Amino acid sequence: MTARREGRKAVLFSVYIPFAVTAVLAVLAPRLAPLLPPRPAAWALACAALVTTVGWAGALALLAFTGVAQIPEVAEQGRWSVAALRAEDPVYLVVAVASALLLTAGTVLLGIAAVRQTRHVVQARRECARLPQTELVVLDDDAPIAFALPGKPGRVVVSRGMLRCLGDRERAALLAHERAHLRGRHHLFQGLWRLAAALTPLLRPLAVAGEFVLERWADEEAAARVGDRTVVAHAVGRAALASAGASFPAALAATGGAVPQRVRALLAPPPPRRSLPLVAGGLLLAVCCASLANAASDSDQMVDSAQCAAYAATASAPSAGAHRHGPDFCFGEHDRRELQEHRP
């Protein structure tokens, strides 16, 4: 019995692995992403954010359940033994309470972030409805403005003031950059990272890195369209200097991200393809999923064991003999073994 309990404690250690994987990716991903081609880097960051967020929330939920399940009223509804659950469960009550508080706070922050994202989408669609029904909208404004406005369909918005700041080829590069944002549906990546960072605070550096990677993705596509990386670098630099201080929260602008790093990347050769960081990241995400599934399975077995203990206690009570016409549960072979171990 002691050996089995020690084995269960070792298995339940897997519930903490998603936290470790999230921390590792939060530290390494922002450093590795700029070294990769931007398009696969963006997809890798999106997968990492999605999987680690699910792992983070799932691990917190499992840890919080160990505390909630020991509440007598909850145990009565679940028909399991509180004493047996406490004997089997290696999680301290303070850890369970802290996990419940973190999960509650994260859920509230996620709701707030979702409301903000929804407002941005509504704002973008309203702006699109007011604009002419063309892909390219030129504003009669001296202020230097250029951004992509997602919608159905999306719009590339640029002002005459911005166009006057650029040469002909630089204008083409700027428009190609903004069209790349719309074509790649970059606002969806942006929304995913912001929601993930709201629920999982450790992922905020990953969200910042994602914003930079999206701009680099659009830069590389613009360079491929124009055929000259230097022209795109000049367009990005001049547009950023002209529109310094401007902000478009519901849109993706060519002047976003860390402009000096983007210009340096455009003046250098395209980043080479590297498979090792992607493979390593994929293995980490697989470990995160496997450990969470293992922890969930062990938690389910722990509850089954507590239910068997509750039935064994009821079946062995003298007062239960007159009313016992059959078991309250449907027992399999595993359940019978559990019952034999718990029976006095």
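This report describes a strand and its partners, a pocket, a cavity and the cysteines of a predicted model.

Strand β3 covers residues 155-159, and five of its five residues are buried. The side facing one way carries Arg155, Val157 and Ser159, while Val156 and Val158 point the other way. Residues on both sides are buried.

Strand β3 pairs with two other strands. With β1 (residues 136-139), the pairing is parallel and runs over four bridges; here Val137 has Val157 as its bridge partner in β3. With β2 (residues 146-149), the pairing is antiparallel, and four bridges again join the strands. In this second pairing, Ala148 stands opposite Val156 of β3. Strands β2 and β3 form a hairpin, with five residues lying between them.

## The second largest pocket

Rolling a probe the size of a water molecule over the atoms shows where empty space is left. The second largest pocket has a volume of about 330 Å³. Its lining consists of 18 residues, and those nearest the centre are Leu25, Leu32, Pro277, Leu278 and Gly281. Of the contributing elements, α13 gives the most, with seven residues.

The structure holds two cavities of 30 Å³ or more. The second largest cavity has a volume of about 50 Å³. It is lined by Ala33, Pro34, Leu36, Pro38, Ala41, Phe212, Val213, Arg216 and Pro271. The elements giving two or more residues to this lining are α3 and α10 (204-226). The largest share, three residues, comes from α10.

By class, eight of the residues that line this cavity are nonpolar and one is charged, while none is polar.

## Cysteines

How many disulfides does the structure hold? The number is zero.

Are Cys47 and Cys165 buried, exposed or partly exposed? A residue counts as buried under 20% relative accessible area and as exposed over 50%, with partly exposed in between. Cys47 is partly exposed because its relative accessibility is 41%. Cys165 has a relative accessible area of 36%, so Cys165 is also partly exposed.

Terms used: Residues are numbered from 1 along each chain as its sequence is written. This is a predicted model: local features need pLDDT of at least 70, side-chain atom pairs count only at pLDDT 80 or more; totals for chains, interfaces and linings use all residues. Side-chain values use heavy atoms; hydrogens and water are left out. Buried means under 20% relative accessible area, exposed over 50%, partly exposed in between (1.4 Å probe, protein chains only). Two strands pair if DSSP finds at least two bridges between them. On a 1 Å grid over the protein atoms alone, a cavity is a set of points where a 1.4 Å probe fits but cannot get out, and a pocket is an open set with protein on both sides within 12 Å along at least five of seven lines; lining residues have an atom within 4 Å of a point. Grid points are joined across faces, edges and corners, and a volume is the space filled by probe spheres set on the points. A disulfide is a pair of cysteine sulfur atoms within 2.5 Å. Ala, Val, Leu, Ile, Met, Phe, Trp, Tyr, Cys and Pro count as nonpolar, Asp, Glu, Lys and Arg as charged, and the others, Gly among them, as polar.
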